[in-house]
Amino acid sequence: MPVAILKKRRLIPGQTSELTLDASHIARKARPGNFVILRVSEKGERIPLTIADTDPQAGTITIVYLVVGKSTAELETLEEGDSILDVCGPLGKPTHIEPCGTVVCVGGGTGIAAMHHIAKGHKAAGNRVITVIGSRCEDLLLFKEELSMFADEVVVTTNDGSCGMQGFVTDGLRMVLDREPSVGEVVAIGPVPMMEAVANLTRPYNVKTTVSLNSIMIDGIGMCGACRVVVGGEVKFACVDGPEFDGHQVDFARMRQRLAAFKPQEELSWAEFRRLRGQEA
Amino acid sequence: MSANAPTEKKKGKAVPRTAMPEQPASVRVTNFNEVTLGYTPEMALTEAKRCIQCKKPLCVKGCPVEINIPGFIKKIVEGDLHESYRVLRETNSLPAVCGRVCPQETQCEGSCILGKKGEPVAIGRLERFVADTFMASDACEQLTGTHACSLEHEGLKVACIGAGPSSLTVAGYLSSLGIKVHVYEALHELGGVLIYGIPEFRLPKEIVRKEIEAMKAQGVEFHTNWVGGKTITVQDLLDQGFNAVFIGVGAGLPKFLRVPGENLIGVFSANEYLTRVNLGRAYNFPAVDTPAYTGKNVAVFGAGNVAMDAARTAKRLGAERVMIVYRRSEKEMPARLEELHHAKEEGIELMCLNAPVELVGDEKGWLKSLTVQKMMLGEPDESGRCSPIACDGQFCDIPCDMAIIAVGTGSNPLMTNSTPGLELNKWGYITVNEDTGETSIPNVFAGGDIVTGAATVISAMGAGRRAAKEIARRLLG
C-alpha cells in the first residue's frame with residue numbers, strides 16, 4: 001500500500017526536506033533508533049531512512065533526507081498529497097535507553113534528525129540531555145529550535161563560525177566532556193568520518209559511545225548481509241543487529257570502503273535522472 | 001477408457017519420454033527469458049498418453065501436496081484441459097510454479113512405475129502445460145464452477161506471516177473453503193523465494209504474479225511491507241481476533257564462509273546478489289534503480305540450486321568466467337541434475353575439490369583474487385556424503401573480482417524473537433507437531449523453511465497444506 005505524504009517541510013531548499021507520512025501501523029511500533037526502508041516508485045530501489053519522529057496518536061512518522069543521488073532526488077520531487085510506493089518498518093533494534101545521568105547526543109548534517117528522536121527518548125527516560133549539532137554553515141543547520149524545546153543544552157558548531165562555536169562537532173563535544181565529568185553516554189549520528197572522529201575523541205575519556213551505522217541495505221530484515229559491518233572483530237548485520245553499535249568497536253575503515261562499492265553505478269543513475277528531468281523541463 | 005488400459009500400458013514402455021524444447025545455450029546466456037519453453041498441445045497429449053493410469057498410483061504418494069496425478073493426466077488425454085486444471089488446483093495453489101521448480105526426479109516422477117524400467121512420465125512438464133494454459137482464467141470459476149467467490153464462513157479469519165510458498169498454500173486452501181485469509185509480507189512483492197530467489201530464466205515472475213492474482217480473486221487479502229515481528233506480532237494478530245496464525249517466514253539468514261577477506265567489496269551472499277537481480281530487476285539497470293555488480297572472473301561457493309542460479313545469473317550479466325568452487329566432487333553436488341546440466345551447457349566451470357581459504361583484496365578494499373586449497377574425499381560423514389579432507393600445502397591463487405557465497409542459510413530470528421513462548425530447536429527453527437503443524441502456542445502454526453531449515457518449494461507447500469487442513473478441521477469441524 002502506498003503511503004501518503006501529509007506534510008512536506010523544506011529544511012534546506014533542494015537538499016533536505018522533512019516528510020510527515022500517514023503510516024499508523026509503523027507509528028504504533030516505532031521507537032527511537034528505528035528506521036524504515038522505502039521505495040519511491042515502481043522502478044525504484046529500496047533505501048533506508050531513519051525515523052526522525054513519530055506521532056502515534058495522529059498515526060504519522062517523520063523522515064528527513066539529504067539529496068545525495070537518484071532516489072533521494074526523486075523523493076524530493078514529491079509534494080504533499082503524493083505517495084511513496086513502499087514504506088516498510090519499523091526496522092532495526094531500538095536505541096538502548098536507560099537512566100544513566102547525562103547523555104550527550106551528537107548530530108552532524110542530516111544525522112541531526114535521527115539524533116533528535118533518540119535525544120527525545122533519552123529525555124523521556126529522565127536523563128539530562130546535552131545535544132551537540134554541527135554543519136558547514138548556519139543555513140545548513142537542522143532542528144536547532146526543535147532540540148531547544150526539550151534538550152537541557154544545545155551546543156552549536158559550524159565550520160565557518162556563522163553560528164555558535166567555530167569548528168566541528170568534535171570541538172563542541174570536547175568542550176562538553178572537559179566540563180562534565182559525569183557523562184554516562186555519548187551518542188553520535190552523522191557521516192561516517194564524523195562518527196569515527198567522535199569515537200576516537202571519546203576513547204581516552206573512557207565514555208560509552210554509541211554510533212548509528214548507515215551501511216548499504218537492500219531488504220533491511222537480515223536476509224542478505226549487504227549491510228554487514230565488523231564490530232569487535234565479528235561480522236554483524238546493521239539492519240537487524242544494529243544499526244547502533246559500540247563506536248569503540250566498529251571497524252570504520254572497512255565501513256568506509258564498503259560504502260563506496262556502487263559509486264560508479266550511483267553516479268550513472270543520478271546523471272541519467274538529471275538528463276531525463278532536463279528533457280522534461 | 002479403462003478398456004484401453006492394456007494397450008496404453010504397452011505404449012507406455014515403448015514410447016520415449018517427450019523432450020521439452022528450450023532456448024539454445026548460446027542464445028539464452030544473453031537474456032533472462034525462460035530457458036525451457038514448455039510443451040505444445042501435441043507434445044502434452046503424446047506424453048499424457050504414456051501414463052498407464054495405475055490403480056494405486058505411487059506418483060501421488062511421492063507428491064508432497066498429493067495431487068491426483070493420474071486424474072489430471074487422464075483429463076489431458078480426454079481433451080478436457082479445463083477439468084484437468086481444476087483437478088490440479090484442488091490440492092495445489094501454485095501448479096505453474098511447481099511444474100517448473102519441483103525436483104520431480106526425487107518426488108512424483110521418482111516414484112512413477114514407468115521409471116523402474118524406462119523413463120517416468122514427465123508429470124512436472126504436464127502440470128506446467130495445463131497450468132500455463134489456464135493461467136489467466138478465473139480461479140474461483142476453476143474451483144467452484146461459478147464466477148462468484150462469496151465468503152461462506154462469515155467471521156472466520158486466518159493470518160499468514162510471510163508470502164512464500166508455504167503461506168500461499170495455506171491461503172489458497174483455506175480461502176477455497178470460504179475462510180478469510182490475510183497475508184502479511186515484509187518485502188514489497190509477494191512470493192518469497194519465488195520472487196527474490198529463483199531467477200526469471202527459471203521461473204518468470206509473471207507466472208508467480210498471475211498465480212497470486214488468482215488467489216486475490218479468491219478473496220485472499222495481501223499486505224506488503226508488513227514485517228512479521230516488527231510491524232506486526234503473533235500476539236497482535238491473536239488480539240485482533242484471528243482464529244489461527246500461520247508462520248511461514250522462511251530461513252533467510254545467509255551463512256558466510258568465515259574466511260579472511262569476506263567483507264571485501266565484490267563479495268556477496270547469494271541472497272543479496274539474487275535479490276538485487278530478481279526483486280530489484282538489476283539486469284535492467286539504469287532503467288531501474290537497483291544496481292548489481294558485474295564481475296569479470298566470478299567465483300561462486302557452494303553447489304546447490306542457489307549456487308547454480310547465482311552462477312548462471314552472473315554469466316547473463318556479462319561475466320567472462322564463472323567458476324563453481326566446491327569442496328567435494330561433482331557427484332556430491334546437491335543441485336538438481338537438470339540445473340547442473342543447464343549450467344554446464346552455459347559454460348559455467350566446475351572447480352571441484354577446492355575449498356576457499358582466503359579472499360584477497362587491493363588497498364581500496366576491492367576483491368582481486370582468491371586462494372583455494374586442494375581437497376580429497378574421505379569417508380562418508382553422517383549426511384552420507386564423503387567428507388572433504390584438505391591436501392597439505394596445495395594452494396592455488398585465482399584471479400577473481402567477484403565472489404558469491406551460496407553455502408546455505410540459517411534461521412532468521414526477527415520473527416521468532418518477537419514471539420514469547422514459541423518453542424525453538426537448537427538451530428533456532430520452530431518446533432511443531434509433525435501431524436498438525438501446530439507450534440507450542442495453541443492455534444499458532446508454522447511450516448516451511450522456518451521449521452525444517454532450507455528445503456524445497458514443494459516441501460514448504462506440503463507443510464502449508466498439512467497446517468491448513470488442521471486449521472480447516474478445527475474451524476469448520
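## A tour of a predicted two-chain model

At a relative accessibility of 10%, Gln23(B) counts as buried. Keep in mind from the outset that this is a predicted model. Gln23(B) sits in the loop that runs between α1 (5-14) and α2 (25-28) of chain B. Which backbone atom does the side chain of Gln23(B) reach? That side chain comes to 2.9 Å from the backbone oxygen of Glu34(B). Leaving out residues up to four places away in sequence, Gln23(B) touches Arg28(B), Asn31(B), Asn33(B), Glu34(B), Val35(B) and Leu37(B).

Asp53(A) belongs to strand β4 (residues 47-55) of chain A. It counts as buried because its relative accessible area is 17%, and the cut-off for buried is under 20%. Its side chain makes a polar contact of 3.0 Å with the side chain of Lys120(A). Lys120(A) is also one of the residues in contact with Asp53(A) once neighbours within four places in sequence are set aside; the others are Ile61(A), Thr62(A), His116(A) and His117(A).

Now for the sheets. In chain A, seven strands make up an open sheet with mixed pairing, in the order β11-β10-β9-β8-β12-β13-β16. Which strands stand at the edges? They are β11 (165-166) and β16 (244-246) of chain A; each has a single partner strand, so one side of each has no neighbour in the sheet. Elsewhere in that order, β8 and β9 follow one another, and the pairs in the table below include theirs. Within it, Gly108(A) has Gly134(A) of β9(A) as its bridge partner.

In chain B, strand β13 (residues 402-405) pairs with both β6(B) and β7(B). Val267(B) is bridged to Ala403(B) of β13(B), while Val298(B) has Met402(B) of β13(B) as its bridge partner.

| Strand pair | Sense | Bridges |
|---|---|---|
| β8(A) (residues 102-108) and β9(A) (residues 128-135) | parallel | seven bridges |
| β6(B) and β13(B) | parallel | three bridges |
| β7(B) (residues 297-301) and β13(B) | parallel | four bridges |

In a regular strand, side chains alternate between the two faces of the sheet. Strand β13(B) is covered on both faces: Met402(B) and Ile404(B) are buried on one side, and Ala403(B) and Ile405(B) are buried on the other.

Finally, let us see how the chains meet. The contact involves 43 residues from chain B and 43 residues from chain A. About 3,600 Å² is buried between them, with carbon and sulfur atoms giving 57% of that area. Lys230(B), Asn263(B) and Asp289(B) supply 20% of the area that chain B buries against chain A, more than any other three residues.

How many salt bridges are there between chain B and chain A? The count is two, and one of these joins the side chains of Lys29(A) and Asp236(B) at 2.6 Å, N to O. There are also 16 residue pairs in polar contact across the interface, with both residues at pLDDT 80 or more. On the side of chain B that touches chain A, the elements giving two or more residues are β5 (253-254), β6 (267-269) and α15 (270-279) of chain B. Helix α15(B) provides the largest share, five residues. By class, that side of chain B has 22 nonpolar, 13 polar and eight charged residues.

Notes:
Residues are numbered from 1 along each chain as its sequence is written. Chains are lettered from A and ligands numbered from 1 in the order in which they are written. This is a predicted model: local features need pLDDT of at least 70, side-chain atom pairs count only at pLDDT 80 or more; totals for chains, interfaces and linings use all residues. Side-chain values use heavy atoms; hydrogens and water are left out. Contact means heavy atoms within 4.5 Å. Buried area is the accessible area (1.4 Å probe) that two parts lose on being put together, summed over both. A salt bridge is a side-chain nitrogen of Lys or Arg within 4 Å of a carboxyl oxygen of Asp or Glu. A polar contact is a pair of N or O atoms within 3.5 Å; within protein, one must be able to donate a hydrogen and the other to accept it, and residues adjacent in sequence count only if both atoms are side-chain atoms. Ala, Val, Leu, Ile, Met, Phe, Trp, Tyr, Cys and Pro count as nonpolar, Asp, Glu, Lys and Arg as charged, and the others, Gly among them, as polar. Buried means under 20% relative accessible area, exposed over 50%, partly exposed in between (1.4 Å probe, protein chains only). Two strands pair if DSSP finds at least two bridges between them.
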